[in-house]
Amino acid sequence: MPTDADTRSKGAHYLDADHHAVVEFVKAAALKPGETVLDAGAGRGALTGRICDAVAPGGTVVAVETQQDLVFRLKRLAKPGLQVIQGDILAVRLPVPLDAVVANPPYRILPAILRRLLAHGFGRAVLVVPLELAERLVAQPKSDNYGRLTIEIAMQAKVERLFAMPKRAFDPVPAVASVVIRVTPKPGRPMDGIDAKVLDHVLDAAWDGRTKTLRHALSPLDKVLGVPPQDISEALAMVNGQERRFTEVSPWEWSVVAKHLSACTEARKAARTAVKDARKESERVARREADLARAPKADDVADADLN
């Protein structure tokens, strides 16, 4: 049934549960019985019901939706293992462990959703995203679409473009093209040793100065991070990056730069803290010595008593 004017005005585009591409979309997630799956932005439940069937028996499907009328509709599915949550996908509590994410999330907050999911942890994600975003996520160095988001996500996960999602699979039909992607987090803890704020500063400076060599683009970081220029030069030397530009450096190389500067920043903080603590201890000792100097001596007290 076509959406009403109010829904169209909100920019919502719902998938048709019976469209062949939607069926293939759920199959691409390779869901197994007993798994826990997140449907972020569940809408009318076009994916939700199929996901529930795929993880039965014993599976759990957490469907998150903001609109109350759609929440009621999702609850009426009455599928075993289905948990419907009304709320913001960027704020609700996510299940642990989370085996998979299968969703047609709100396009406007997709980068923020990806960041939150990667910080939380999950096994794999199969998502419908706008073509423009997919091209950025799978971009290679030296290409036009290679940018900050590419690097940020690629440091933590592998992104693959699977197939196009036809416009006719949506209601209403969107103006932009969409594709299905798979996101697989990298094993281990790829962000260990990298301070998120340091990474932000590094990528911001590099992006703002993307037409310059990195030797010049990252030069303001000494003041921003509170480290000497030598630390920045050492970080760039580790990837031979002094004369390269933003798009010429791979995500892995950016992780090397960010990790080195994170360590330098932490070391400088520790050194400053140690100096501060030593100063406080010195002041404490000085106050104690001053107090002792002002206190009457035992011999003086005895002489006073005799008098």
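## Cis peptide bonds

Pro57 lies in the loop between helix 3 and strand 3 (60-65), where helices (H or I, at least four residues) and strands (E, at least two) are DSSP runs numbered from the N terminus. The peptide bond leading from Ala56 into Pro57 is cis, with omega near -5°. The structure is a predicted model, in which local features need pLDDT of at least 70 and side-chain atom pairs count only at pLDDT 80 or more, whereas totals for chains, interfaces and linings use all residues. Residues are numbered from 1 along each chain as its sequence is written, and side-chain values use heavy atoms, with hydrogens and water left out.

A cis peptide bond also joins Asp171 to Pro172, again with omega near -5°. Pro172 is placed in the loop between strand 8 and strand 9 (178-185). Asp171 itself belongs to strand 8 (residues 170-171) and returns below as a partner in a salt bridge.

## Positive phi angles

Ala30 has phi near 50°, a positive value in a residue other than glycine. This alanine sits in the loop between helix 2 (20-28) and strand 2. With a relative accessible area of 46%, Ala30 is partly exposed; the classes are buried for under 20% relative accessible area, exposed for over 50%, and partly exposed in between (1.4 Å probe, protein chains only).

Ala78 is likewise not a glycine, yet its phi is positive at about 50°. Its position is in the loop between helix 4 (68-75) and strand 4 (82-86). Ala78 counts as exposed, at 64% relative accessibility.

## Salt bridges

Side chains of opposite charge can pair when their charged atoms come close. A salt bridge is taken here as a side-chain nitrogen of Lys or Arg within 4 Å of a carboxyl oxygen of Asp or Glu, and the count by this rule comes to 15. One of them joins the side chains of Asp171 and Arg44, at 3.3 Å from N to O. Because Asp171 is in strand 8 and Arg44 in the loop between strand 2 (36-40) and helix 3 (48-55), this pair ties together parts that are 127 residues apart in sequence.

Another salt bridge connects Glu132 with Arg136, at 3.5 Å from N to O. Both residues belong to helix 6 (residues 131-137) and are four residues apart, about one turn of the helix. Glu132 is partly exposed, with a relative accessible area of 46%, and Arg136 also counts as partly exposed, at 28% relative accessibility.

In the salt bridge between Asp200 and Arg148, the closest N and O atoms are 2.6 Å apart. This pair links distant parts of the chain, with Asp200 in helix 8 (residues 196-208) and Arg148 in helix 7 (residues 148-154), 52 residues apart. Asp200 counts as partly exposed, at 31% relative accessibility. Both residues take part in a network of salt bridges that links Arg115, Arg148, Glu152, Asp200 and Asp204.

## Buried residues

Thr48 is located in helix 3 and counts as buried, with 0% relative accessibility. Setting aside residues up to four places away in sequence, Thr48 touches Asp39, Ala42, Val61, Ala63, Leu74, Leu77 and Leu82, a contact being heavy atoms within 4.5 Å.

Ile232, in helix 11 (residues 229-237), is also buried, with a relative accessible area of 6%. Apart from neighbours within four places in sequence, Ile232 is in contact with Leu218, Ser219, Leu221, Asp222, Val227 and Leu261. Ile232 and Trp254 are separated by 22 residues in sequence and by 13 Å in space, C-alpha to C-alpha.

## Positive surface patch

Lys197, Lys269, Arg272, Lys276, Arg279 and Lys280 form a positive surface patch. Patches are made of residues with over 30% relative accessible area and no salt bridge, like charges being joined within 9 Å and nonpolar side chains (Val, Leu, Ile, Met, Phe, Trp, Tyr) within 5 Å. Lys and Arg count as positive and Asp and Glu as negative, while His and the chain ends are not counted. The place of a charge is taken as NZ of Lys, CZ of Arg, CG of Asp or CD of Glu. Accessible areas come from the Shrake-Rupley method with a 1.4 Å probe, and for residues only the protein chains shown count as cover.

Helix 12 (residues 251-294) gives the most to this positive patch, with five residues. Lys269 is located in helix 12 and is partly exposed, with a relative accessible area of 40%.
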